[in-house]
Amino acid sequence: MYFLNKVMNCRPTGGEIAIFWLGQAGFIIKYDEDKVIAIDPYLSNCVERIWGFKRIMMPIISPMDIEADILLVTHHHEDHLDVDSIPFLMECKKTKLYGPNTVIEICKGMKIPEDRLTKMAIGDEITAGNVTIKALYADHGELAPDAIGMLLTIKGIKIYITGDTAYRPEYMQDAKQAKPDIIIMPINGAFGNLGPESAAKMARDFEAKVAIPGHYWMFKEHNGNPQEFENKMKEYAPQCMIKFMCQGEEYRYESTSQI
(Lines give C-alpha, C1' and ligand atoms only; values in the text may rest on other atoms or scores of the structure.)
Protein backbone atom coordinates (compact mmCIF):
# COMPACT_ATOMS: atom_id res chain seq x y z
CA MET A 1 0.00 0.00 0.00
CA TYR A 2 2.91 2.36 0.75
CA PHE A 3 4.31 2.06 -2.76
CA LEU A 4 0.88 2.44 -4.34
CA ASN A 5 0.32 5.66 -2.41
CA LYS A 6 3.78 6.84 -3.43
CA VAL A 7 2.98 6.42 -7.11
CA MET A 8 -0.49 7.91 -6.80
CA ASN A 9 0.82 10.96 -4.94
CA CYS A 10 3.67 11.52 -7.39
CA ARG A 11 2.86 14.53 -9.57
CA PRO A 12 5.63 15.38 -12.03
CA THR A 13 5.42 18.96 -13.22
CA GLY A 14 6.83 20.90 -16.13
CA GLY A 15 9.49 18.91 -17.93
CA GLU A 16 9.74 16.20 -15.27
CA ILE A 17 9.17 12.48 -15.41
CA ALA A 18 9.35 10.06 -12.48
CA ILE A 19 10.72 6.53 -12.79
CA PHE A 20 10.15 3.70 -10.29
CA TRP A 21 11.82 0.27 -10.33
CA LEU A 22 9.57 -2.72 -9.68
CA GLY A 23 12.43 -5.22 -9.76
CA GLN A 24 13.77 -7.38 -12.62
CA ALA A 25 13.02 -5.50 -15.88
CA GLY A 26 9.89 -3.85 -14.51
CA PHE A 27 9.51 -0.09 -14.28
CA ILE A 28 6.77 2.47 -13.88
CA ILE A 29 7.08 5.89 -15.47
CA LYS A 30 4.77 8.68 -14.37
CA TYR A 31 4.80 11.78 -16.50
CA ASP A 32 1.75 13.73 -15.37
CA GLU A 33 -0.61 13.90 -12.44
CA ASP A 34 -2.46 10.77 -13.54
CA LYS A 35 -0.54 9.36 -16.53
CA VAL A 36 1.23 6.05 -15.95
CA ILE A 37 3.37 3.78 -18.13
CA ALA A 38 4.17 0.26 -16.93
CA ILE A 39 7.10 -1.59 -18.53
CA ASP A 40 7.59 -5.37 -18.28
CA PRO A 41 6.07 -5.65 -14.78
CA TYR A 42 6.75 -9.02 -13.17
CA LEU A 43 4.45 -9.18 -10.14
CA SER A 44 3.53 -12.86 -9.69
CA ASN A 45 5.33 -16.16 -9.20
CA CYS A 46 4.60 -17.53 -12.66
CA VAL A 47 8.29 -18.00 -13.54
CA GLU A 48 8.66 -20.37 -10.59
CA ARG A 49 5.41 -22.11 -11.48
CA ILE A 50 6.46 -22.61 -15.09
CA TRP A 51 10.26 -22.82 -14.96
CA GLY A 52 11.17 -23.41 -11.34
CA PHE A 53 13.04 -20.10 -10.89
CA LYS A 54 12.07 -18.77 -7.46
CA ARG A 55 11.82 -15.03 -7.12
CA ILE A 56 14.07 -13.53 -4.43
CA MET A 57 12.82 -9.93 -4.66
CA MET A 58 9.20 -9.82 -3.56
CA PRO A 59 6.60 -7.82 -5.51
CA ILE A 60 5.95 -4.36 -4.09
CA ILE A 61 2.56 -3.79 -5.69
CA SER A 62 -0.39 -5.88 -6.79
CA PRO A 63 -1.22 -5.98 -10.50
CA MET A 64 -4.78 -5.05 -9.51
CA ASP A 65 -3.48 -1.74 -8.16
CA ILE A 66 -1.67 -0.58 -11.31
CA GLU A 67 -3.89 1.62 -13.45
CA ALA A 68 -1.62 2.16 -16.41
CA ASP A 69 -2.49 4.12 -19.49
CA ILE A 70 0.26 2.33 -21.42
CA LEU A 71 1.57 -1.18 -20.76
CA LEU A 72 4.76 -2.02 -22.67
CA VAL A 73 5.95 -5.62 -23.01
CA THR A 74 9.25 -6.12 -24.83
CA HIS A 75 8.93 -9.88 -25.38
CA HIS A 76 7.01 -12.94 -24.30
CA HIS A 77 9.21 -14.47 -21.56
CA GLU A 78 7.23 -14.74 -18.37
CA ASP A 79 9.43 -12.36 -16.36
CA HIS A 80 8.39 -9.69 -18.90
CA LEU A 81 4.98 -10.93 -20.04
CA ASP A 82 3.69 -11.98 -16.65
CA VAL A 83 0.88 -14.30 -17.72
CA ASP A 84 -0.55 -14.48 -14.20
CA SER A 85 -0.68 -10.69 -13.83
CA ILE A 86 -1.75 -9.58 -17.31
CA PRO A 87 -5.48 -10.34 -16.81
CA PHE A 88 -5.48 -8.17 -13.66
CA LEU A 89 -3.41 -5.40 -15.24
CA MET A 90 -5.85 -5.29 -18.17
CA GLU A 91 -8.90 -5.04 -15.90
CA CYS A 92 -8.20 -1.32 -15.91
CA LYS A 93 -10.27 -0.30 -18.92
CA LYS A 94 -7.99 2.53 -19.99
CA THR A 95 -4.91 0.30 -20.22
CA LYS A 96 -3.59 -0.42 -23.70
CA LEU A 97 -0.82 -2.95 -24.26
CA TYR A 98 1.97 -2.63 -26.83
CA GLY A 99 4.35 -5.43 -27.73
CA PRO A 100 5.69 -7.73 -30.46
CA ASN A 101 3.57 -10.28 -32.29
CA THR A 102 4.16 -13.23 -29.92
CA VAL A 103 3.12 -11.10 -26.94
CA ILE A 104 -0.03 -9.96 -28.71
CA GLU A 105 -1.01 -13.49 -29.73
CA ILE A 106 -0.58 -14.76 -26.17
CA CYS A 107 -2.73 -11.91 -24.89
CA LYS A 108 -5.41 -12.67 -27.47
CA GLY A 109 -5.42 -16.21 -26.10
CA MET A 110 -6.21 -14.72 -22.70
CA LYS A 111 -9.28 -13.07 -24.23
CA ILE A 112 -7.85 -9.56 -23.90
CA PRO A 113 -9.89 -7.36 -26.28
CA GLU A 114 -7.99 -6.89 -29.52
CA ASP A 115 -8.78 -3.16 -29.66
CA ARG A 116 -6.60 -2.75 -26.56
CA LEU A 117 -3.63 -4.60 -28.06
CA THR A 118 -1.13 -3.02 -30.48
CA LYS A 119 1.43 -5.12 -32.30
CA MET A 120 4.82 -3.49 -32.81
CA ALA A 121 7.72 -4.63 -34.97
CA ILE A 122 11.14 -3.07 -35.44
CA GLY A 123 10.79 0.39 -36.98
CA ASP A 124 7.13 0.90 -36.01
CA GLU A 125 6.41 4.24 -34.35
CA ILE A 126 3.16 5.27 -32.74
CA THR A 127 1.89 8.14 -30.63
CA ALA A 128 -0.19 7.38 -27.57
CA GLY A 129 -1.39 10.60 -25.99
CA ASN A 130 1.71 12.66 -25.30
CA VAL A 131 4.06 9.69 -25.61
CA THR A 132 5.85 8.53 -28.74
CA ILE A 133 6.83 4.86 -28.80
CA LYS A 134 9.25 3.46 -31.36
CA ALA A 135 10.11 -0.23 -31.60
CA LEU A 136 13.85 -0.83 -31.96
CA TYR A 137 16.07 -3.78 -32.70
CA ALA A 138 16.84 -6.24 -29.91
CA ASP A 139 18.78 -9.49 -30.16
CA HIS A 140 17.47 -12.06 -27.72
CA GLY A 141 18.39 -14.87 -30.07
CA GLU A 142 16.22 -17.90 -30.64
CA LEU A 143 14.83 -17.47 -27.13
CA ALA A 144 12.59 -14.65 -28.39
CA PRO A 145 13.12 -13.89 -32.07
CA ASP A 146 10.63 -11.03 -32.20
CA ALA A 147 11.86 -9.30 -29.02
CA ILE A 148 12.11 -5.53 -29.32
CA GLY A 149 13.54 -2.56 -27.52
CA MET A 150 11.48 0.60 -27.18
CA LEU A 151 12.39 4.26 -27.45
CA LEU A 152 9.98 6.51 -25.57
CA THR A 153 9.85 10.25 -26.07
CA ILE A 154 8.05 12.06 -23.25
CA LYS A 155 8.24 15.83 -22.76
CA GLY A 156 11.25 15.86 -25.05
CA ILE A 157 13.02 13.25 -22.90
CA LYS A 158 14.23 10.13 -24.72
CA ILE A 159 14.12 6.92 -22.70
CA TYR A 160 15.58 3.82 -24.35
CA ILE A 161 14.37 0.54 -22.90
CA THR A 162 16.73 -1.98 -24.48
CA GLY A 163 14.69 -5.02 -23.47
CA ASP A 164 16.55 -8.31 -23.19
CA THR A 165 19.34 -8.08 -25.74
CA ALA A 166 22.96 -8.63 -26.58
CA TYR A 167 24.97 -5.69 -27.89
CA ARG A 168 24.73 -5.59 -31.67
CA PRO A 169 25.79 -2.03 -32.57
CA GLU A 170 25.66 -2.71 -36.30
CA TYR A 171 21.88 -3.24 -36.02
CA MET A 172 21.19 -0.56 -33.41
CA GLN A 173 21.81 2.60 -35.40
CA ASP A 174 18.36 4.05 -34.70
CA ALA A 175 18.97 3.87 -30.97
CA LYS A 176 22.47 5.22 -31.32
CA GLN A 177 21.36 8.16 -33.44
CA ALA A 178 18.66 8.99 -30.92
CA LYS A 179 21.30 9.69 -28.23
CA PRO A 180 18.90 8.75 -25.43
CA ASP A 181 18.81 10.79 -22.26
CA ILE A 182 18.13 7.65 -20.23
CA ILE A 183 19.01 4.07 -21.08
CA ILE A 184 17.42 1.20 -19.12
CA MET A 185 19.28 -2.05 -19.70
CA PRO A 186 19.93 -5.53 -18.35
CA ILE A 187 23.34 -6.18 -16.82
CA ASN A 188 23.06 -9.84 -15.83
CA GLY A 189 25.07 -11.23 -18.76
CA ALA A 190 23.11 -14.49 -18.87
CA PHE A 191 20.53 -15.90 -21.28
CA GLY A 192 21.94 -13.76 -24.10
CA ASN A 193 21.69 -10.45 -22.23
CA LEU A 194 24.05 -7.56 -21.86
CA GLY A 195 26.65 -8.03 -19.15
CA PRO A 196 28.47 -5.30 -17.21
CA GLU A 197 31.06 -4.63 -19.92
CA SER A 198 28.79 -4.72 -22.96
CA ALA A 199 26.18 -2.60 -21.15
CA ALA A 200 28.84 -0.01 -20.31
CA LYS A 201 30.01 0.04 -23.93
CA MET A 202 26.43 0.59 -25.07
CA ALA A 203 26.01 3.52 -22.67
CA ARG A 204 29.25 4.99 -24.04
CA ASP A 205 28.51 4.46 -27.71
CA PHE A 206 24.94 5.73 -27.47
CA GLU A 207 26.02 8.83 -25.48
CA ALA A 208 23.40 8.28 -22.79
CA LYS A 209 23.22 10.80 -19.99
CA VAL A 210 21.85 8.37 -17.39
CA ALA A 211 22.08 4.57 -17.26
CA ILE A 212 19.63 2.61 -15.12
CA PRO A 213 20.56 -1.07 -14.77
CA GLY A 214 17.96 -3.76 -14.27
CA HIS A 215 17.34 -7.48 -14.78
CA TYR A 216 19.44 -8.65 -11.82
CA TRP A 217 18.84 -10.19 -8.39
CA MET A 218 15.30 -11.40 -9.10
CA PHE A 219 16.36 -15.03 -9.61
CA LYS A 220 19.61 -16.67 -8.52
CA GLU A 221 19.82 -18.28 -11.97
CA HIS A 222 19.94 -14.89 -13.72
CA ASN A 223 23.18 -13.59 -12.19
CA GLY A 224 24.03 -9.85 -12.14
CA ASN A 225 26.82 -7.82 -10.56
CA PRO A 226 26.03 -4.11 -10.15
CA GLN A 227 29.47 -3.39 -8.66
CA GLU A 228 31.15 -4.80 -11.75
CA PHE A 229 28.81 -2.70 -13.90
CA GLU A 230 29.85 0.43 -11.99
CA ASN A 231 33.52 -0.46 -12.49
CA LYS A 232 33.02 -0.97 -16.23
CA MET A 233 31.07 2.29 -16.49
CA LYS A 234 33.99 4.15 -14.90
CA GLU A 235 36.23 2.57 -17.51
CA TYR A 236 34.09 2.97 -20.63
CA ALA A 237 31.47 5.66 -19.93
CA PRO A 238 32.60 7.96 -17.11
CA GLN A 239 30.53 10.79 -18.59
CA CYS A 240 27.29 8.83 -18.02
CA MET A 241 25.61 8.98 -14.64
CA ILE A 242 24.61 5.59 -13.17
CA LYS A 243 21.38 5.41 -11.24
CA PHE A 244 21.18 2.27 -9.12
CA MET A 245 17.63 1.93 -7.86
CA CYS A 246 16.13 -0.07 -5.04
CA GLN A 247 12.63 -1.47 -5.47
CA GLY A 248 10.06 1.28 -5.13
CA GLU A 249 12.55 4.11 -5.31
CA GLU A 250 11.50 7.23 -7.22
CA TYR A 251 13.94 8.91 -9.59
CA ARG A 252 13.01 12.20 -11.22
CA TYR A 253 14.53 13.46 -14.42
CA GLU A 254 13.84 16.82 -15.98
CA SER A 255 14.32 17.69 -19.62
CA THR A 256 16.68 20.53 -18.79
CA SER A 257 18.42 19.09 -15.71
CA GLN A 258 18.81 15.96 -13.64
CA ILE A 259 17.20 15.78 -10.21
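Reader: Is Asp69 buried or exposed, and at what relative accessibility?

Author: This is a predicted model in which local features need pLDDT of at least 70, side-chain atom pairs count only at pLDDT 80 or more, and totals for chains, interfaces and linings use all residues. Residues are numbered from 1 along each chain as its sequence is written, and side-chain values use heavy atoms, with hydrogens and water left out. A residue is called buried under 20% relative accessible area, exposed over 50%, and partly exposed in between (1.4 Å probe, protein chains only). Asp69 has 14% relative accessibility and therefore counts as buried.

Reader: Where does Asp69 lie, and with which residues is Asp69 in contact, leaving aside its neighbours within four places in sequence?

Author: Helices (H or I, at least four residues) and strands (E, at least two) are DSSP runs, numbered from the N terminus, and Asp69 lies in the loop between helix H2 (46-51) and strand S4 (70-72). Contact means heavy atoms within 4.5 Å; beyond its neighbours within four places in sequence, Asp69 is in contact with Asp34, Lys35, Val36, Lys94, Thr95 and Lys96.

Reader: How would the reading go for Ile29, which has its place in strand S2?

Author: Ile29 belongs to strand S2 (residues 26-30) and counts as buried because its relative accessibility is 0%. With neighbours within four places in sequence left aside, its contacts include Ile17, Ile19, Val36, Leu152 and Ile159.

Reader: Which residues of helix H7 are buried?

Author: The general idea is that an α-helix has 3.6 residues a turn, so residues three or four places apart point the same way. In H7 (residues 226-236), the buried residues are Pro226, Phe229, Lys232, Met233 and Tyr236. They cover an arc of only 115 degrees around the axis, which puts them on the same side of H7, the arc being that of the directions from the helix axis to the C-beta atoms. Exposed residues Lys234 and Glu235 are carried on the face of H7 turned away from its buried side, while the cover over the buried residues includes S11, helix H6 (196-205), strand S12 (210-214) and strand S13 (241-242).

Reader: Which residues are buried in H6?

Author: In H6 the buried residues are Pro196, Ala199, Ala200, Met202 and Ala203. They cover an arc of only 155 degrees around the axis, which puts them on the same side of H6. Their cover includes strand S10 (157-161), S11 and H7.

Reader: How many cavities of 30 Å³ or more does the structure hold?

Author: Rolling a probe the size of a water molecule over the atoms shows where empty space is left. On a 1 Å grid over the protein atoms alone, a cavity is a set of points where a 1.4 Å probe fits but cannot get out, and lining residues have an atom within 4 Å of a point. Grid points are joined across faces, edges and corners, and a volume is the space filled by probe spheres set on the points. The structure holds one cavity of 30 Å³ or more, and the largest cavity has a volume of about 90 Å³. Its lining has 14 residues, of which Ala25, Gly163, Ile184, Met185 and Pro186 lie nearest the centre.

Notes. 1 Å grid on protein atoms, 1.4 Å probe; cavity = no way out; pocket = protein on both sides within 12 Å on 5 of 7 lines; lining within 4 Å.
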